[in-house]
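I opened this notebook to record what I looked up in one structure. The entries go from the whole chain to single residues.

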Amino acid sequence: MASTRAETAVTIHVWDQFKQVDKSRQVGGAVINLLHDEQLQTVSSGTQSVLLESASYLRDPDGVTNHAVLTFSVLTDANAF
């Protein structure tokens, strides 16, 4: 049976406006810990891998808002089931 694989880029954005603590970094780190290098199962396909491709933490142009941009590469195999 031939394997049908797909690679999908998933980008997650996190924003915060806390003055003393950069919550977007904390939430971003938690998301990375949960998803990076995990094998997830979906109803219609088997996820072979979820890998962090990039993580950027920046300040939005308003000077108040912190912004995390996390991009993951998700590889799926439709013949997993």
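The entries below follow the order in which I looked things up.

**Entry 1. Model and conventions**

I noted that this is a predicted model, in which local features need pLDDT of at least 70 and side-chain atom pairs count only at pLDDT 80 or more, while totals for chains, interfaces and linings use all residues. Residues are numbered from 1 along each chain as its sequence is written, and side-chain values use heavy atoms, with hydrogens and water left out.

I looked up the confidence next; pLDDT is the predictor's confidence in each residue, from 0 to 100. The chain has a mean pLDDT of 84, and 85% of its residues reach 70 or more. Among the elements, α1 has the highest mean pLDDT (92) and β2 the lowest (88).

**Entry 2. Elements and the chain as a whole**

I took elements as DSSP runs numbered from the N terminus: helices are H or I of at least four residues, strands are E of at least two. The chain holds 1 helix and 3 strands, and from the N terminus on they run β-α-β-β.

For burial I used relative accessible area: buried is under 20%, exposed is over 50%, and partly exposed is in between (1.4 Å probe, protein chains only). Of the 81 residues of the chain, 30% count as buried. The accessible surface comes to about 5500 Å², and 55% of this surface belongs to carbon and sulfur atoms; the areas come from the Shrake-Rupley method with a 1.4 Å probe, and for residues only the protein chains shown count as cover.

I counted a contact where heavy atoms lie within 4.5 Å. Among contacts between residues at least 6 apart in sequence, 64% join residues at least 24 apart.

**Entry 3. The sheet**

In which order do the strands of the sheet lie? I found an open sheet of 3 strands in the order β1-β3-β2, with antiparallel pairing. Two strands are taken to pair if DSSP finds at least two bridges between them. The edge strands, each pairing on one side only, are β1 (5–16) and β2 (46–59). From one strand to the next, the twist averages 15 degrees.

I then went through the pairs. β1 and β3 are joined over 12 bridges in the antiparallel sense; R5 has D77 in β3 as its bridge partner, and V10 has F72. β2 and β3 also pair in the antiparallel sense over 12 bridges. Here L52 stands opposite F72 in β3, and Y57 has A68 in β3 as its bridge partner. The hairpin of β2 and β3 has 6 residues between the strands, and G63 in this hairpin takes a positive phi near 80 degrees.

**Entry 4. Helix and core**

I checked where the helix sits: α1 lies across β1, β2 and β3, and runs at about 10 degrees to β3. Axes are lines fitted to C-alpha atoms, for helices over the stretch in contact, and angles run from 0 to 180 degrees between N-to-C directions.

A nonpolar core is a set of buried Ala, Val, Leu, Ile, Met, Phe, Trp, Tyr and Cys residues joined through side-chain atoms within 4.5 Å. The largest one has 6 residues, V31, I32, V50, L70, F72 and V74. α1 (23–35) and β3 (66–77) each supply at least two of its residues, and the largest share, 3 residues, comes from β3.

Why do I call β3 largely enclosed by the rest of the structure? I do so because 11 of its 12 residues are buried. Leaving aside neighbours within four places in sequence, L70 is in contact with residues including V31, I32, V10 and Y57.

**Entry 5. Two single residues**

I looked up S56, whose place is in strand β2. S56 counts as partly exposed because its relative accessibility is 31%. Beyond its neighbours within four places in sequence, S56 is in contact with H67, A68 and V69. R25 is 31 residues from S56 in sequence, with 9.3 Å between their C-alpha atoms.

A9 and V74 are 65 residues apart in sequence, and 6.2 Å apart from C-alpha to C-alpha.
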